[in-house]
Amino acid sequence: MARRYDSKEAKRRILTACVRLFLEKGYTNTKVAEILKEADVSAGSFQNIFRTKDGVLTELIGMMFSRQFGAVRPLAANAPSPVYLYAVETALQLAVTELSENLRDIYVEAYTFPATAEIIHRSTTAELQAAFSAYLPGCTECDFYEMELGTAGMMRGYMARRCDPYFTLERKIRRFLSMSLSALQVPAQEREQVIAFVAEIDMLAEARKVVDAVLASLSVQFDLKG
């Protein structure tokens with residue numbers, strides 16, 4: 001029988017269990033019954049806190065995005081414009097999904113499930129407006145939201161496609177940035193400077209730091225396999 005915990009402790013146990021299970025089995029293949037058993041909580045506690053497995057995904061993606069943004073700031077601290085911050089953050093996200101197939105599953109599902117996708121769209125819209133208003137002075141928040149729907153579609157497509165010896169992570173990042181920065185009206189010469197800046201960063205190493213930070217915050221030990 002599952003034990004009773006206060007809601008804060010139950011939430012931590014559920015998140016910890018979900019991270020471990022999602023990384024071991026993938027988000028899609030993890031069943032709620034397995035989460036309840038791993039977390040040692042009742043179905044009632046789970047439903048009161050998260051309602052559904054998708055609710056856990058929403059919380060987890062919020063944690064991942066927070067870690068991503070925190071990791072990016074030092075990497076782009078001396079960059080000449082906010083465009084570099086956007087480029088590093090999106091490149092880092094592409095790198096995270098190459099660490100394991102189950103991480104890819106988590107992120108692709110986050111861009112697919114309407115509630116989590118909308119959270120991503122709203123937060124990224126604000127980022128786009130801050131970084132690219134100088135290039136698109138006539139655009140409103142609504143315009144940037146509509147552009148975010150397009151760039152998010154590209155991001156989901158690139159995350160879903162696993163890298164191979166021909167389509168390497170470096171090529172994937174360059175292609176995504178070339179297309180997204182072009183759509184956001186960054187001049188060609190500056191686009192190349194931004195892409196060159198990103199290429200100097202070991203994105204897989206930085207991606208591992210992001211995931212390790214999330215695991216450490218939940219006291220989860222996991223050896224990521226590519």
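## Exercises on helices and salt bridges

Lys-209 has a relative accessibility of 52% and therefore counts as exposed. The model is a predicted one, and the exercises below work through parts of it.

**Exercise 1.** Find the salt-bridge partner of Lys-209 and state where the two residues lie.

Solution. 
- Step 1: Lys-209 forms a salt bridge with Glu-206, and the closest N and O atoms are 3.4 Å apart. The cut-off for such a pair is 4 Å.
- Step 2: Both residues belong to helix H11 (residues 203-217), where they sit three residues apart, about one turn of the helix.
- Step 3: Glu-206 has 15% relative accessibility, so it counts as buried; the limit is under 20%.

**Exercise 2.** Describe the salt bridge between Glu-101 and Arg-104 and classify the accessibility of each partner.

Solution. 
- Step 1: The closest N and O atoms of Glu-101 and Arg-104 are 2.8 Å apart.
- Step 2: About one helical turn separates the two, because they are three residues apart in helix H6.
- Step 3: Glu-101, at 35% relative accessibility, counts as partly exposed, whereas Arg-104 is buried with a relative accessible area of 4%.

**Exercise 3.** Determine which parts of the chain the salt bridge between Glu-59 and Lys-11 links.

Solution. 
- Step 1: In this salt bridge the closest N and O atoms are 3.2 Å apart.
- Step 2: Glu-59 is in helix H4 and Lys-11 in helix H1 (residues 7-25); the two are 48 residues apart, so the pair links distant parts of the chain.
- Step 3: Glu-59 counts as partly exposed at 29% relative accessibility, and Lys-11 counts as partly exposed at 30%.
- Step 4: The count of salt bridges comes to 13.

**Exercise 4.** Work out the surroundings of His-121.

Solution. 
- Step 1: His-121 lies in H7, residues 114-132.
- Step 2: Its relative accessibility is 11%, so His-121 counts as buried.
- Step 3: Leaving aside neighbours within four places in sequence, His-121 is in contact with Tyr-145, Glu-148, Leu-149 and Ala-152.
- Step 4: With Glu-148 there is a polar contact, side chain to side chain, at 2.9 Å.

Note on methods:
Residues are numbered from 1 along each chain as its sequence is written. This is a predicted model: local features need pLDDT of at least 70, side-chain atom pairs count only at pLDDT 80 or more; totals for chains, interfaces and linings use all residues. Side-chain values use heavy atoms; hydrogens and water are left out. Helices (H or I, at least four residues) and strands (E, at least two) are DSSP runs, numbered from the N terminus. Buried means under 20% relative accessible area, exposed over 50%, partly exposed in between (1.4 Å probe, protein chains only). A polar contact is a pair of N or O atoms within 3.5 Å; within protein, one must be able to donate a hydrogen and the other to accept it, and residues adjacent in sequence count only if both atoms are side-chain atoms. Contact means heavy atoms within 4.5 Å. A salt bridge is a side-chain nitrogen of Lys or Arg within 4 Å of a carboxyl oxygen of Asp or Glu.
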